[in-house]
Amino acid sequence: MHPYNRIPSSGQSTPSPPPSPLRSPRLRRSKQGRFGAGQQPGRTFAQRLTWLILSVFLRRQGIFLFAPLIYISGMLLYMGTVSFDVVPVITHRTAPGSVYRSPQLYAKLRPEMDSDNSTSDTISTIWKHSYKGGQWQPCVNKSSGGLPESNGYIYVEANGGLNQQRTSIGNAVAVAGYLNATLVIPNFHYHSVWRDPSKFKDIYDEDYFITTLENDVQVVNTIPEYIMERFDHNMSNVYNFRIKAWSSIQYYRDAVLPKLLEEKIIRISPFANRLSIDAPPAVQRLRCLANYEALKFSSPILTLGESLVARMKKLSANNGGKYVSVHLRFEEDMVAFSCCVFDGGEEEIQDMNAARERGWRGKFTKPGRVIRPGAIRINGKCPLTPLEVGLMLRGMGFDKSTSIYLASGKIYKSEKTMAPLFEMFPLLQTKEMLASAEELAPFKNYSSRMAAIDYTVCFHSEVFVTTQGGNFPHFLMGHRRYSYGGHSKTVRPDKRKLALLFDNPKIGVEILQASNAEYANS
């Protein structure tokens, strides 16, 4: 019987309504299937439920709305039955040059370096092109004749290490000369990092300093009694100028000179970097005069320094008495301040955190401060390790026969970090190796005096290599140019490029040599 036929209660039949059009052949097949009536196989409850849901969707054409939901549900069910171990692990790739991998590079290159037994005069031949810029002449001409009456006394406190104090001395001479003032021998401020209580006369020849400047700037070592009586013989009662860093010389004329004329004595503390680098030629002349003519090390320092120079020349006889000096900054405080990460592991991290807290309380742990060692290395701000200095010099062509003088403080973990450098350059010397314990005893506990000895030996070297920048190499490079006709052999590495080079495990000695010829600017 057709599903739309009905038997009326009156017994009369009525016409059947026309059948509904079939929706699609697929629907016909779904109704009739491959089996006739009564031939459908038995189905489980889950199958019948699934079939019912699908038929409802099909009848109402809702499949297009629910298809995404069905797909997502199916994927979730599928993933729930599979172990998550099959999901690929995404590894973070470090940026080239951001990780210290120099030890791995050295391990690869060492066999080839050890087999190199060349003994050529590298120092004389490594510079392919001689300097042809002509002879430079210092612009400092000593004045003659007397000075006008002084406008008053200037007392400064020089802070920092040896060469930061040297900056202050040169600036003080320039300011005093510009203001026609009398300079009191600068007082050296004790610093918790350098821990050196040395006074001016302990490091420099005070009488020579005063005599050299006598026709340009009047210098005295004591303030007259009648002036100190006004301040109860207490310098803290003297008016102190708090001058901004890198102030112009015009500021001293406009702001400092009127007070000087009024008080007849002023104090400037601190004084490091308190004068702009840019200044009129007359001011620059006084700076050069102070730094390169008037400042001579005291007799004990000069005597030992020149003795070490003679010993280095004797040890360098195979190179005609020529040697290379390297200023290495890998002391604990430098490593800590750089915030770079090397290969010392957890012990290094703890050492550096403690050193930062001792030297710069809270500076590196301020809220919101983010330290990115990888970015610091890529930007060339990390100090070169002794190993990296050795790789650079060997790459430049210096071999085992090269005599090297190493100027530095106490190297961090020296027994471990210095070993590769000694392997690459067995003729390397330090002041502790050249001098006896008795000779060094008067200077041992004074960092500035020890630095002055290093300065002297580096000054007389054939080649000077700087590895980190700072006041020491800047003064030394200027001093050598001043004294050697405007040119001296100097190596200033491009540490950005070296970071990339030392992070490349595929390079060989030949590539290292070719690259260093470009990356070490001389």
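Trainee: What is the volume of the second largest pocket?

Mentor: The second largest pocket has a volume of about 760 Å³, where a pocket is an open set of points, on a 1 Å grid over the protein atoms alone, at which a 1.4 Å probe fits with protein on both sides within 12 Å along at least five of seven lines. Grid points are joined across faces, edges and corners, and the volume is the space filled by probe spheres set on them. This is a predicted model, in which local features need pLDDT of at least 70 and side-chain atom pairs count at pLDDT 80 or more, while totals for chains, interfaces and linings use all residues. Residues are numbered from 1 along each chain as its sequence is written, and side-chain values use heavy atoms, with hydrogens and water left out.

Trainee: Which residues are closest to the centre of that pocket, and which element gives the largest share of its lining?

Mentor: Lining residues have an atom within 4 Å of a point; there are 25 of them here, and Cys-288, Tyr-292, His-474, Phe-475 and Gly-478 are the closest to the centre. Two or more lining residues come from each of α6 (162-178), α11 (281-294) and α22 (471-483), the helices being DSSP runs of H or I with at least four residues, numbered from the N terminus. The largest share, 7 residues, belongs to α22.

Trainee: Which cysteines form a disulfide?

Mentor: A disulfide is a covalent bond between the sulfur atoms of two cysteines, and here a pair is counted when the sulfur atoms are within 2.5 Å. That rule gives 1 disulfide, between Cys-340 and Cys-382, whose sulfur atoms are 2.0 Å apart. The pair links distant parts of the chain, 42 residues apart, with Cys-340 in the loop between α13 (332-338) and α14 (345-359) and Cys-382 in the loop between α15 (373-378) and α16 (386-396). The link is left-handed, with -100° about the S-S bond.

Trainee: Are Cys-340 and Thr-122 buried or exposed?

Mentor: Buried means under 20% relative accessible area, exposed over 50%, and partly exposed in between, with a 1.4 Å probe and protein chains only. Cys-340 is buried at 2%, and Thr-122, in helix α5 (residues 122-125), is buried at 5%.

Trainee: Which residues does Thr-122 contact beyond its neighbours within four places in sequence?

Mentor: With contact taken as heavy atoms within 4.5 Å, Thr-122 touches Asn-319, Gly-397, Phe-398, Asp-399 and Thr-402. Thr-402 is 280 residues from Thr-122 in sequence, yet their C-alpha atoms are 7.3 Å apart.
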